[in-house]
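Here is a short briefing to read alongside the model.

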Amino acid sequence: MVNMYGVYKVYPGNVEALRGVNLNIDKGDFVFIVGPSGSGKSTLLSMIYRGAVPTRGHVLVSGRNIARLRWHEVPMLRRRIGVIFQDYKLLPDRSVYDNVSFALEVIEASPKEIEKKVPQALSMVGLAHKASAMPEELAGGEQQRVAIARAIVNDPLILVADEPTGNLDPDTALDIMDLLCDINLRGTTVVMATHNQVIVDTMRKRVVQLERGMVVRDERWGAYCYEA
Amino acid sequence: MKLRTMRLLSGQAVRSLKKTPSVTSIIVVMACMIVLSSFMLVAVNLTHIGSQFQADVQIRAFLVPDLPSDAVDRVGGAIQGIPGVASVRFVGKDEALQRLGKQLGQDSFFLADLPRNPLPESFDISLTRADVADEVAAATLELDGIRDVRYAPKLVDRLVGVLRILWGVTGAIAALVLVGASLIVSNTIKLTVFARRKEIEIMKLVGATDSFILFPFVLEGIIIGLLGAGGAAAIVYAGYQGVVKWISSVAPFMSVVTDSSRLGLAVIVMLCFGAVVGLIGSNISTKRYLKV
């Protein structure tokens, strides 16, 4: 699903974010990307949805080299990838329903499809009853659920989550993780960057650890830290 | 892009026009277009006067004395074949004398006392354009049977020169207006882009195409350009009608462009120019700030 070969990313000012990363993520995998701030987690995730392109090396998503995608092919790639962030990125002047339907409107889905898919996505995240609420009326966890609904409404192959529990209390964070697990069980590949040790240690999924832009650990059922 | 989507995005563009200080941009674009169109009208009218003058520019080619009539016909045919010649007319000795008599008016009495007609036969050569006068005159003078050619080269050169300068200045103003007005439109669109940056970021993340993201901004720019140009066209058109009336009362001999088809064409050109200004302006801001 995602293959990285010798990936380097150097930002202006000679800042090396990634240094020779090799990584393979299969369909249906659930992968935690862990590591200290500045280790390159967000850069690695952004390459999956082509928010960044490698300075050297190759990133293949569904067999397509993201650096060789033509400009008009990038939106098509992104329609198959859902992305969620720590800060939710919701539109404050639109209702919960409209925030989710927005993702379908901009890819010119038919009204029929929107009417069918948006309630399904809201039910999936447990917010069907708050469809007409505005984001400011929701708690942090609920806002993240709206963001997840928006990310999955178009049935993506991959869900990229950049510290989605970073702003949430422990209980709400675990609720969100349950939701992501459900989505993963339905066949969607989930790649999630996190600093939350409890979550990683509780869930025991694949863990890829980055340090100074390099993969220093890749364990099938790993913990947040090295285990003796 | 689907019709439904275009309707949706057009609505966004119109709503955005109400929110951003687009009225300022429309007024600035209008002011720029008024200056440009005023210059254009002056240039069009001088060209119109010039073209009438050009129609009057003639070369007179004098024949050598006592040329046989078949040779006269041959020379006439040869002149007609020179590029830039619109028409050739033979002027015989008698006609030349009559013409001189008319020109002299009351002083023509002495012509009757002449023992014989001293005037040579000639050809009156009309030109398609005034700026080819030099070439036509030189080519005519080289023909066998032609003794001399006369025309007013300096006057022709001056007219052509003035028209060239005027159109050059109009062109320069058009270029300045294009750059200046585009930047004004670009600044307005930039505000819209900034206000909607979060929305744009999400659009990009969920896979909206570039054309989907750009469409409302480009449309907003084109609307600003069109409204500015339309306003300018209305003001200049009304002002021009007043000027035409004034000229016809104080200088009725002066010919100005009044036919509605040419003025209509000028309005269409202005509207197109305004649309191009909006298109360029919106592209500057969206390309630089959206990086889509």
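How many aromatic pairs are there over all chains? The count comes to three. Please keep in mind that this is a predicted model.

**Aromatic rings and charges**
- Tyr49(A) and Phe85(A) form an edge-to-face pair, with 6.5 Å from centre to centre and 90° between the planes.
- Tyr49(A) sits in the loop between α1 and β4 of chain A, while Phe85(A) belongs to strand β6 (residues 81–85) of that chain, so the pair ties together parts that are 36 residues apart in sequence.
- Both partners, Tyr49(A) and Phe85(A), are buried.
- Phe85(A) also has a charged neighbour: Lys89(A) lies over the face of its ring, at 4.9 Å from the ring centre.
- In chain B, Arg197(B) lies over the face of Phe194(B), and here the distance to the ring centre is 4.1 Å.

**The open sheet of chain A**
- Four strands of chain A make up an open sheet with antiparallel pairing, in the order β2-β1-β4-β5.
- Its edge strands are β2 (15–25) and β5 (64–65) of chain A, each of which pairs on one side only.
- Helix α1 (residues 41–48) of chain A packs on this sheet, where it touches β1 (2–11), β2 and β4 of chain A. The direction of α1 makes about 125° with that of β1(A).
- Strand β4 (residues 56–61) of chain A runs antiparallel to β5(A), and two bridges join them.

**A mostly covered helix**
- Helix α3 (residues 96–105) of chain A has seven of its 10 residues buried.
- Among the buried residues of α3(A) are Val96(A), Asn99(A), Phe102(A) and Leu104(A).
- The cover over these buried residues includes α4 (111–124) and α5 (140–152) of chain A, together with α7 (197–205) of chain B.

**A buried threonine in a loop**
- Thr194(A) lies in the loop between β8 (189–193) and α7 (197–203) of chain A.
- Why does Thr194(A) count as buried? Its relative accessible area is 1%, and buried means under 20%.
- The side chain of Thr194(A) reaches the backbone nitrogen of Asn196(A) at 2.9 Å.
- Leaving aside residues up to four places away in sequence, Thr194(A) touches several others, including Phe32(A), Ile33(A), Lys41(A), Glu163(A), Val200(A) and Tyr224(A).

Notes
Residues are numbered from 1 along each chain as its sequence is written. Chains are lettered from A and ligands numbered from 1 in the order in which they are written. This is a predicted model: local features need pLDDT of at least 70, side-chain atom pairs count only at pLDDT 80 or more; totals for chains, interfaces and linings use all residues. Side-chain values use heavy atoms; hydrogens and water are left out. Two strands pair if DSSP finds at least two bridges between them. Contact means heavy atoms within 4.5 Å. Axes are lines fitted to C-alpha atoms, for helices over the stretch in contact, and angles run from 0 to 180 degrees between N-to-C directions. Buried means under 20% relative accessible area, exposed over 50%, partly exposed in between (1.4 Å probe, protein chains only). A polar contact is a pair of N or O atoms within 3.5 Å; within protein, one must be able to donate a hydrogen and the other to accept it, and residues adjacent in sequence count only if both atoms are side-chain atoms. Rings of Phe, Tyr and Trp (its six-membered ring) pair if their centres lie within 6.5 Å; planes under 30 degrees apart count as stacked, over 60 as edge-to-face and the rest as tilted. A charge sits over a ring if NZ of Lys or CZ of Arg is within 6 Å of the ring centre and within 35 degrees of the ring normal.
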